[in-house]
Amino acid sequence: MRSSTAFPLNDDIIGHILRFCADFETLQAAIHSISRQVAYNLVGPALPQALRVVRYPYFDNCKPEDDPSAMAAACPEDSNVLEAINFDKQAMLDENARAVEKLEDLYSLMDKDRTSKTSVLTAEESCRFCCAMYRLMLYCNIFYSYDYNMEHGQEYDDEEYRRAIIAQRTAVLSVYSTNELRQMYSALQFLTEIASTLSSLRARRVHSTHGRTAPMMFSTLLGEIWAEGFLDTPFENIWSARKVTAPPSKSLTEGILDSVNNAGDLCSQCDTTGTIYSTTTWCLFPVKYLLKDNLLENPLINRYFEDVVDPRLNSPAALERFIGALFALRTGEFAFWDPADLYCFECFTEFLQNQMWVWMLKHAVRYGWTPPENCPYGWDCEQQTYDEGHANVWNHLCEPVDETLQDVDDAT
Ligand SMILES: [Zn+2]
Ligand SMILES: [Zn+2]
C-alpha cells in the first residue's frame with residue numbers, strides 16, 4: 001500500500017494561513033501538526049513505530065548495567081510528544097521509509113503475489129509488515145553496539161555480562177504483544193531469506209564493485225541479526241514466559257498475510273506447488289545455484305564465471321535479461337521449455353544449470369578459446385573439483401559420455 005502524498009493546498013496559501021497565527025505557540029503547534037501530517041504521508045500508519053526509531057535515545061555506549069526496563073520504556077510508540085521533527089530526523093525518516101517500502105515490494109513479490117513487482121499487500125497486511133520492520137530496525141539499532149566477544153567484555157564476568165544483555169534484549173521485546181512478536185518473527189525470517197541470497201552474491205563478488213546492496217541499515221546489521229543470542233534467545237525467553245508455542249521457523253507470512261495470491265499454481269514440469277518461478281520472479285533466483293556443483297568447484301571454471309558471468313548479473317534486471325538469454329539458448333531435452341511457463345525451484349535450477357555451461361562454452365569459443373579434449377565425465381566429473389591439473393587439461397563444459405560406451409572404449 002502506498003501512502004498518499006497529495007496535499008490539497010499550494011505552499012503560498014499555506015504560508016498565508018500560517019501568518020494568521022495569533023502567537024508563536026499556535027504557530028509551533030501548526031508546524032508540528034503539518035510536519036506530522038507530512039510524515040504520515042511518507043510513512044503511513046506505521047508512523048508511531050517509524051518515529052520511535054528516529055527518536056529513541058540510543059544509549060551511546062550501552063553497558064550491561066543499563067536498566068532493562070528503562071531501555072524498554074524509553075520513548076514509547078504511543079507517546080504523543082509535541083516535538084517537531086527536525087531536519088536530521090526528517091532525513092532518517094525518509095531514508096528508512098524508502099528502505100521499508102523497497103523491502104515491502106520484495107516481500108510482496110516473494111510471498112504475496114509473484115506477478116507484481118510493487119507491493120499488493122492489503123492496508124492491514126502492509127501495516128503489519130511495516131510495523132514489524134521498524135520494530136526490528138529499532139531493536140537492531142539499540143543493540144548493534146553489543147558484541148559478546150568485544151574486548152571490553154573482559155571487564156565483566158562473561159556469564160554475568162551475557163545474562164545482563166539478554167535481560168535487556170528480552171525487556172525491549174517484551175513491550176510487544178504476542179501477535180506483534182509473531183509478525184516480527186516472520187519479518188525476521190524474510191530478512192534471513194534475503195540475506196542468504198545476498199551473502200551468496202557477496203561471497204562470489206569479493207573483488208567486484210557491482211554487487212547488489214541491501215538497504216544500508218540492514219547490510220551493516222546482517223552479520224549481527226543472526227548472531228547466536230541476538231534475537232533467538234530473547235524470543236525463546238518470551239515464548240516460554242508467556243507459555244505460547246514458538247512460531248514455525250520457516251514461515252515468512254504467519255501473522256502478516258491474510259491470504260496469498262496464486263497459491264495453487266503448479267510447476268509446469270512436475271506439478272508441485274511451493275516456490276514458483278515466473279518471469280516476474282526470475283530476478284529472485286539465487287545466483288549461487290547457476291553452476292552445477294562440480295563445475296562450481298572447478299577453479300578454472302569458477303574464475304571464468306566470476307570474470308565473465310558475474311558482471312552480467314549486477315542488478316535484478318540484469319539477472320532477468322541473462323535468464324532470458326539462457327532461455328533463448330535452450331537445447332536438447334530443454335528445447336521446449338517455455339519462458340512463459342511456471343517452474344518450481346528444483347526444475348528451474350535444473351534448467352538454468354544445464355543452459356549455464358552451454359552458454360559459457362559458446363561464449364568462450366566465440367572469443368577464441370579452443371577447448372581441449374572432453375573429459376568423459378563432462379560437467380559431472382569429480383576429479384575436476386580437487387585436481388587442478390586435471391581440471392586444466394580436460395574440457396568439462398560438456399555432457400558426460402554414456403558410461404556403458406565408456407566401458408566399451410576402455411576395453412578396446
Ligand atoms: Zn518442478
Ligand atoms: Zn574430468
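Here are some notes on this predicted model, taken point by point.

1. Overall make-up. The chain has 412 residues, and 43% of them count as buried. Its secondary structure comes to 17 helices and two strands. If you look at contacts with a separation of 6 or more, residues 24 or more positions apart account for 73% of them. Several of the points below are examples of links across the sequence.

2. The zinc site. Which atoms hold the zinc ion (ligand 1)? The SG atoms of C267, C270, C344 and C347 coordinate the ion, at 2.2 to 2.3 Å. The angles among the four donor atoms run from 103 to 114°, and the site is tetrahedral. For reference, the ideal angle for four tetrahedral donors is 109.5 degrees.

3. Where the zinc donors come from. Along the sequence, the donor residues follow the spacing C-x2-C-x73-C-x2-C. C267 sits in the loop between α11 (232–241) and β1 (276–277), while C347 belongs to helix α15 (residues 345–366), so to speak a link between distant parts of the chain, 80 residues apart. Are C267 and C347 buried or exposed? Both are buried.4. A search of the whole structure turns up 26 aromatic pairs. Take Y185 and F235: their ring centres are 5.1 Å apart and their planes stand at 90°, so this pair is edge-to-face. Y185 is in helix α8 (residues 178–204) and F235 is in helix α11, so the pair ties together parts that are 50 residues apart in sequence. Y185 counts as buried because its relative accessibility is 15%, and F235 counts as buried at 1%.

4. A stacked pair. What is the arrangement of the rings of W282 and F327? The centres are again 5.1 Å apart, but the planes are at 10°, so W282 and F327 are stacked. This pair also links distant parts of the chain: W282 is in the loop between β1 and α12 (293–296), F327 is in helix α14 (residues 316–328), and they are 45 residues apart. W282 has 6% relative accessibility and therefore counts as buried; F327, at 2%, counts as buried too.

5. The aromatic cluster. W282 and F327 also belong to a cluster linked by ring pairs.

6. Charges over rings. The charged end of K292 sits over the ring of W379, at 3.7 Å from the ring centre. The charged end of R182 sits over the ring of W239, with 5.7 Å to the centre.

7. A buried lysine. Why does K112 count as buried? Its relative accessibility is 3%, and the cut-off for buried is under 20%, so K112 falls in that class. K112 is part of helix α5 (residues 87–112). Its side chain makes a polar contact of 3.1 Å with the side chain of E125. Beyond the neighbours within four places in sequence, K112 is in contact with Y107, V120, L121, E125, L257, S259, V260 and N261. E125 therefore turns up both as the polar partner of K112 and in its list of contacts, with K112 itself buried at 3%.

How values were computed:
Residues numbered from 1 in each chain as written. Chains lettered and ligands numbered in written order. Predicted model: local features only at pLDDT ≥ 70, side-chain atom pairs only at ≥ 80, totals over all residues. Heavy atoms only, no water. Helix = DSSP H or I, 4+ residues; strand = E, 2+ residues; numbered from the N terminus. Buried < 20%, exposed > 50% of the residue type's maximum accessible area, 1.4 Å probe, protein only. Polar contact = N/O pair within 3.5 Å; in protein donor to acceptor, adjacent residues only side chain to side chain. Contact = heavy atoms within 4.5 Å. Donors = N, O, S within 2.8 Å, 3.2 Å for Na, K, Ca; no water. Tetrahedral: all angles 85-135°; square planar, octahedral: opposite > 155°, others 65-115°. Phe/Tyr/Trp six-rings, centres within 6.5 Å; stacked < 30°, edge-to-face > 60°. Lys NZ or Arg CZ within 6 Å of the ring centre and 35° of its normal.
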